[in-house]
Amino acid sequence: MGGGKGAFYKAKYGGGGKGGGKGSKEEASGGGGKGSLFDRAAGASGSNGAQENDGDVDMGRTWNASDAQPSTKESLVSKLIGLEGRQYPMYRGIENYAYRFSEGFTLILDRAQTDPYAPPSKMRFLVSSQTTGYSAGLVSNRVRRIALADYLCRRFWEEVHHIGLDEVKQSASYHAAKGGELNIERPTQHVLERTSVVVYPNMEVEVRFQLSLPARGRSILGEECARLVCGTLPSVISKTIPAGANDMARISSHLECVEDQESLRLSLPALNLVAFVANGAILPRRGGDDDRPMEGRRGEATRPVPFRSPESMQVTVKLPNRGEVTGMGIRPGVTLIVGGGFHGKSTLLRALEVGVYNHVPGDGREFVVSVPDAVKVRAEDKRGVQNVNISPFLNNLPMGKPTDNFSTQDASGSTSQASNIIEALEVGASALLIDEDTCATNFMIRDRRMQLLVSKDKEPITPFILKVRQLFNEFGTSTVCVVGGAGDYLEVADQVVMMDSYEPKDVTAEAKAIVQQLPSGMSTADRERESGQTFGKVTQRIPLADGVKECVSHQKAKVMPRGIDTLVFGSENIDFSFVEQVVEKGQLAAIGDYIQAMTRFMDGRATLKQILDRMEKMMDTDVGCAMDLIKPAWMVPGGTYSRPRRLEVAAAINRLRTMKFLIA
């Protein structure tokens, strides 16, 4: 017959199910074929980034309901019972129908798995606005809609977990029953925009998940599937999604808390701050993989110490719901966090790192916020670097290797840290977060004695200490740096915070006095000779689409996350081990498709920053689920995305070893 098992099943059961299938990967290359939602939304945004709906894109919902044929719950039950004992691929016959339930919601099974050992089936429940019962005033803006979706996602996950619906059936027997487990990513302590639960502007709620359809061997268990899909799942939806099933006071508190955090973060520039840490915040975590706040038992020495701002750094801010909140304000410039080992320096910095995200009430870090584009940078030995201008930090390399267009597949500690800083500046970072413990020592400092021993003409590295003030003065980029041993940094600091048993103290005056008493010995002339009179140029680069397509052009190329440390991107694995502000697996899932969607704008002229700007404007459109716009056209709507920041998207592109850039 020819064509193998796939051709056999295609001939026997049909290749696309009801509704004509989804199209091939080639048809969808680069984020969607002609007329895809991505293309229409991109066209609507225009080359100048203006957000205008051209009338062709349903800006209330990013999937087309007409693709699914109308049907009923009773019809689905009948179909499933009729499939009892049939061969597993016949589950495809229930695809692409909108099954209406009398409870007031609709089930859409977008893609049924063709084998019990294949990835789970994708489905979603759309709950009508009449059934949800939420008033439009409750979610009067996009931030509140995201917060409500986050709350409902947690409720749905908790109920699924409580009844054991997420437990995988284990059996060594081929003929044992299998399947029936539901998969939805457990939300973290952070409130992110996700596709697992979507609240639309018209107050409809959509819940997306994956479900392994029940089987025995490779035969369909239709009756069990009917009980699960038409009985258990509707019950879970009814218990978790409608307003009547929830504590509305808790929902209001959740929404107000998230809205206040977002308001505080967006207020930082007007307050002349780059970060804020509220009094009473609990910064230490339980440790390991548990990101919840530390809880010590009464009388134990490990009880967490609530944060308390030094009087001299105290700032009071008025929030829209909570009212006034007081805490420590970190002003623009160069801020050092000092103190003895195990006194809370890195704990404070870690809280600032995730301060770019909102947190759930009770997390302890609800009002620890940083400017949205703050980025943690560190050394990253052996990472790939492509076409980066690291000349502000490195020059005169041996054998004349250029540093204004630097590339390597095996970066050292110093070249990787220089690249990480320049790449962050290239896409708009306004604050750098640095921990001395994770840095390359020779990149951070070269003291006076070493300068005398190894003259500038023999040392290609200009250390960060000589550039940090230029970076702020010329680009307005602040630095918050944990320092435990390099006292020379006191000389360039604007403010110095000492952590003493997790209590912050403003020791700026003492630090300045020590600098006067024990100067580093570098004169202004010495400093200019070592560092130059200016920071240097931050070069914009033009990404080339071929570097992306080289990895994912193969028909069977996989793009998928492995935890939060690795993104499988076709033939390459992108290492996120040292990209420390990724907090959910769903962010990597989104980044993989985000990069592919970006190739539509990689025309050989647009810079990386310009492309990210345009993508961000699309993602910020006030639609129900803007992240659906990045999925390839052949992919059905999924619930696996968590929205990444542009800085982590850029980090992925910069770590893709096949990537190539032109210098703008």
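Colleague: Is Gln417 buried or exposed?

Modeller: Bear in mind that this is a predicted model, where local features need pLDDT of at least 70, side-chain atom pairs count only at pLDDT 80 or more, and totals for chains, interfaces and linings use all residues. Residues are numbered from 1 along each chain as its sequence is written, and side-chain values use heavy atoms, leaving out hydrogens and water. Buried means under 20% relative accessible area, exposed over 50%, partly exposed in between (1.4 Å probe, protein chains only). Gln417 has a relative accessible area of 0%, so Gln417 is buried.

Colleague: Which helix does Gln417 lie in?

Modeller: Helices are DSSP runs (H or I, at least four residues), numbered from the N terminus. Gln417 belongs to the run of residues 413-426, helix H9.

Colleague: How are H5 and H6 oriented to each other?

Modeller: Axes are lines fitted to C-alpha atoms, for helices over the stretch in contact (heavy atoms within 4.5 Å), with angles from 0 to 180 degrees between N-to-C directions. The axes of H5 (residues 142-162) and H6 (residues 222-240) come within 9 Å and cross at roughly 135°. Under 35 degrees counts as roughly parallel, over 145 as roughly antiparallel, 65 to 115 as roughly perpendicular, and the rest as oblique. H5 and H6 are therefore oblique.

Colleague: Which residues in H6 does H5 meet?

Modeller: From H5, the residues involved are Leu152, Arg155, Phe156, Glu159 and Val160. On the H6 side they meet Val236, Ile237, Lys239 and Thr240.

Terms used. Helices (H or I, at least four residues) and strands (E, at least two) are DSSP runs, numbered from the N terminus.
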